[in-house]
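The stops below go from one selection to the next.

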Amino acid sequence: MFILRCHLKVIIAGMLAVLVSGFSATILAQDSPDLPEPVLPAHICAKLAPRQTYSAGDDTQRLQSAINHCPRGEALQLLAGRFSSGPLTMKSGVTLWISHGAMLTANTDPRVYDKNGRCGTLDHKGNGCRPFILFKNSDGGGIVGEGIIDGQGGELMKGEDESWWQLARRAQTEGAAQNVPRLIEIDDGSNIIFHGITLRNSP
């Protein structure tokens with residue numbers, strides 16, 4: 001059984017969508033004497049600082065490259081500051097460590113998440129976007145730290161006149177399905193730790 005410890009702080013502003021598939025999940029409301037405190041990685045493969053000037057730039061490539069090159073059992077640490085990224089795929093056994101004062105924000109451009117030309121639109125399927133952070137066929141690793149992951153669900157989609165949340169509301173009134181990215185998706189994963197991290201504004 002997969003267990004998400006409730007050191008995970010979730011701030012829900014609108015709809016928080018975290019897909020857990022491929023295994024059963026139990027959310028514990030309180031600390032359990034049967035579960036030890038998570039052991040954080042002893043080794044950090046890289047420490048990334050934010051760019052000196054936060055602008056329209058994007059950190060996706062350097063974040064994904066650092067994840068890909070991080071050895072199993074080690075952590076990639078994001079230092080205090082703001083990072084902006086499109087979709088990221090976690091490597092099995094690698095931990096993303098978001099330090100206190102660090103914020104990882106999701107790109108608001110539907111095109112960077114697009115799977116079939118439908119991301120950021122309405123249809124009757126609603127599966128047109130890649131998730132912001134994906135754990136696929138993963139064993140070990142996770143996301144830890146006292147920082148923040150912000151999905152920017154209430155911000156206008158780039159090039160559009162509505163936000164991810166407004167798109168979802170419109171889907172309700174029109175009886176359609178919204179194509180929006182999930183904040184975190186776990187597909188066939190085990191032994192993944194979420195500890196201390198704050199999630200907010202999921203698309």
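Begin with D109, which counts as buried at 6% relative accessibility; buried means under 20% relative accessible area, exposed over 50%, and partly exposed in between, with a 1.4 Å probe and protein chains only. This is a predicted model, in which local features need pLDDT of at least 70 and side-chain atom pairs count only at pLDDT 80 or more, while totals for chains, interfaces and linings use all residues. Residues are numbered from 1 along each chain as its sequence is written, and side-chain values use heavy atoms, with hydrogens and water left out.

D109 and R111 form a salt bridge, with the closest N and O atoms 3.0 Å apart; the term covers a side-chain nitrogen of Lys or Arg within 4 Å of a carboxyl oxygen of Asp or Glu. R111 is exposed, at a relative accessible area of 62%.

The structure holds 10 salt bridges. Select D139 and R72 for another of them, where the closest N and O atoms are 3.5 Å apart. This pair links distant parts of the chain, 67 residues apart: D139 sits in the loop between β12 and β13 (142-144), and R72 in the loop between α1 and β6. Helices (H or I, at least four residues) and strands (E, at least two) are DSSP runs, numbered from the N terminus. D139 is partly exposed, with a relative accessible area of 32%.

Move to R182 and E185, which also form a salt bridge, the closest N and O atoms being 3.5 Å apart. R182 is partly exposed at 30% relative accessible area, whereas E185 is buried at 14%.

A search of the whole structure finds 2 disulfides, a disulfide being a pair of cysteine sulfur atoms within 2.5 Å. Counting bonded cysteines along the chain, the pattern is 1-2, 3-4.

Zoom to C45 and C70, whose sulfur atoms are 2.1 Å apart in a disulfide. The link of C45 and C70 is left-handed, with -110° about the S-S bond. C45 lies in strand β5 (residues 44-48) and C70 in the loop between α1 (60-69) and β6 (75-78), so the pair ties together parts that are 25 residues apart in sequence. Which of the two is partly exposed? C45 is, with a relative accessible area of 28%; C70 is buried, at 0% relative accessibility.

Go on to C119 and C129, joined by a disulfide with an S to S distance of 2.1 Å. The torsion about the S-S bond of C119 and C129 is about 105°, so this disulfide is right-handed. C119 is in the loop between β10 (102-106) and β11 (122-123) and C129 in the loop between β11 and β12 (133-136), so the pair ties together parts that are 10 residues apart in sequence. C119 is buried at 8% relative accessible area, and C129 is buried at 7%.

How many residues does the largest nonpolar core have? It has 37, and those with the most contacts inside it are I98, L104, I133, F135, I143, I149 and I184. Such a core is a set of buried Ala, Val, Leu, Ile, Met, Phe, Trp, Tyr and Cys residues joined through side-chain atoms within 4.5 Å. Elements giving two or more residues to this core include α1, β9 (95-98), α2 (164-174) and β16 (184-187).

Centre the view on L104. Leaving aside neighbours within four places in sequence, L104 is in contact (heavy atoms within 4.5 Å) with residues including L63, F83, L88, F132, I148 and D150.
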